[in-house]
Amino acid sequence: MYGSSIEDKDYPVPRGNLRSKRGMRDLTSDPNLEDVSLHHLIRREGKPKAKEIAVFQRYFEKCNTMPDMYSVNSKQLKKYRKLVYDASVEELSHYEVVLATCAVGGNNKLTSGTQGTVYQVIIDECAMCPEPASLVPVVANNAKQLVLIGDHKQLRPIIQCGAAADLGLDQSLFERLHDKFYNLHTKFLDTQYRMHPQICAFPSQEFYENQLKTGPSFRRKVWYHMNCWPKYPPEFQNPIPHVLVDIRGEEETLTVNTEEGNERSKSNSMEAEKVIEILIYLRKCRVELSSVKVLTQYNAQRHLLETKLKAAIQNNGENAFNHYDRVNMQNVSVSTVVSSQGGEWDYVILSTVRSLPGYMIEPNPTHGWCIQNLGFITDRNQVNVALTRARKGLFVIGNAQLLRCDEVWKHLLERYERMGCLIQDASTFPPPLPPRPKKGRRVQNNARDEWQNVEISRPN
């Protein structure tokens, strides 16, 4: 079940676009769910109100395509909305399970259609949802049971107003109940099936008190190893599929356009160049671009990375990127950490962006100094998200000296340094690929030839 703003995109209503908020203009319904979407179901042939709705829809199409000849008034729109409302209420009365967002969960169509029969509300990714929004479907439907699913150690609710966040609006209902009733009604899913065990090790230690384990099938899995991974411990030469490349670049402050308007953001050109080098290396290792994700916590850096990557694909196709990459530019995947929540990729490259000259870095930084000079990378929840998106390999790029000022990054750097995963000389990374063996003449299998001879010479 979708909200009216999204429904109006599938079935446009004259002047309906005025209802959409700026942040929802790019949202659309999932075509794969058309068979179970309420606004499509009520228009199916044989449904009670389908013919009446179709008459309105045909007229609206004329209004949208020929506005000089056809128009719609508020009385017609009100009648159409009432018709859709009644059809939705009637359709909802036939179902026991309804999927919707928290906001739509309090819609009058839903509460009228279910007529107080909603017994249980299940909210997925509840740790990202503001507490008032989580309460909407519970209170509106007078639910008797509530199941919350999420991870409060990852992204918290995003609150634009700093004062509201300081007063506690950035705490989700999930986090509040988890902290208050942890020993009573909490179940921790302690086995992950996404990441290489070594990628999982640090998040498990730092964020989950060593309780996060890797599934047995993944521990036995044969992983594809590249020559860029350090070997640890040396006596066993086990490749560790994560590195941090120390880049002492210069950060720039830029103004970028977002859906919420202009904002001041950060970029780092030297880090962006290193990202491109790693992507070229991965392509030479025959890794598809669609299986690589480039992450950053700044929109300005995301824009810079997209620009440089597209330029590299167009200019260096003969060396690393092929014709397929140039044609399918949509495979270039660069995004912010926040938008990557819930996703996973074989390889992830994280650009931390923030950088300062050595003489400006405080030896004993305060919390306020860290927030001012490290910004988003002091957010434990966002760091946790960024470090847990990769399946097979993780590349982190940043100023190691500055990152040490933050407690989480200090622990990560200590671990990486101990395991030989801190690349202090960035010019040596990624390493050159070993030469491929030359194709020689095929060596015949003498044993097979002998067997063939025996078979041929065998008497009848």
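This briefing describes the overall make-up of a protein and then two local sites within it. The structure is a predicted model. The protein has 460 residues, of which 45% are buried, and its secondary structure comprises 19 helices and 12 strands.

**Overall make-up**

- The protein exposes about 26,900 Å², and carbon and sulfur atoms supply 51% of that area.
- Among contacts between residues at least 6 apart in sequence, 71% join residues at least 24 apart.

**The site around serine 29**

- Serine 29 is located in a loop, with helix H1 (4–10) on one side and helix H2 (38–41) on the other.
- Serine 29 has a relative accessible area of 11%, and it is classed as buried because this value is under 20%.
- The side chain of serine 29 makes a polar contact of 2.5 Å with the side chain of aspartate 10.
- Leaving aside residues up to four places away in sequence, serine 29 touches Tyr2, Ile6, Asp10, His39 and His40.

- Valine 147 belongs to strand E2, which covers residues 145–148.
- The relative accessibility of valine 147 is 31%; valine 147 therefore counts as partly exposed, since this value lies between the limits of 20% and 50%.
- Together with Ile122 and Ile149, Val147 forms a nonpolar patch on the surface.
- The accessible area of Ile122, Val147 and Ile149 together is about 230 Å².

How values were computed:
Residues numbered from 1 in each chain as written. Predicted model: local features only at pLDDT ≥ 70, side-chain atom pairs only at ≥ 80, totals over all residues. Heavy atoms only, no water. Patch = residues over 30% accessible without salt bridge, like charges linked within 9 Å, V, L, I, M, F, W, Y side chains within 5 Å. Areas by Shrake-Rupley, 256 points an atom, 1.4 Å probe, with all protein chains shown as cover. Salt bridge = Lys/Arg side-chain N within 4 Å of Asp/Glu carboxyl O. Helix = DSSP H or I, 4+ residues; strand = E, 2+ residues; numbered from the N terminus. Buried < 20%, exposed > 50% of the residue type's maximum accessible area, 1.4 Å probe, protein only. Polar contact = N/O pair within 3.5 Å; in protein donor to acceptor, adjacent residues only side chain to side chain. Contact = heavy atoms within 4.5 Å.
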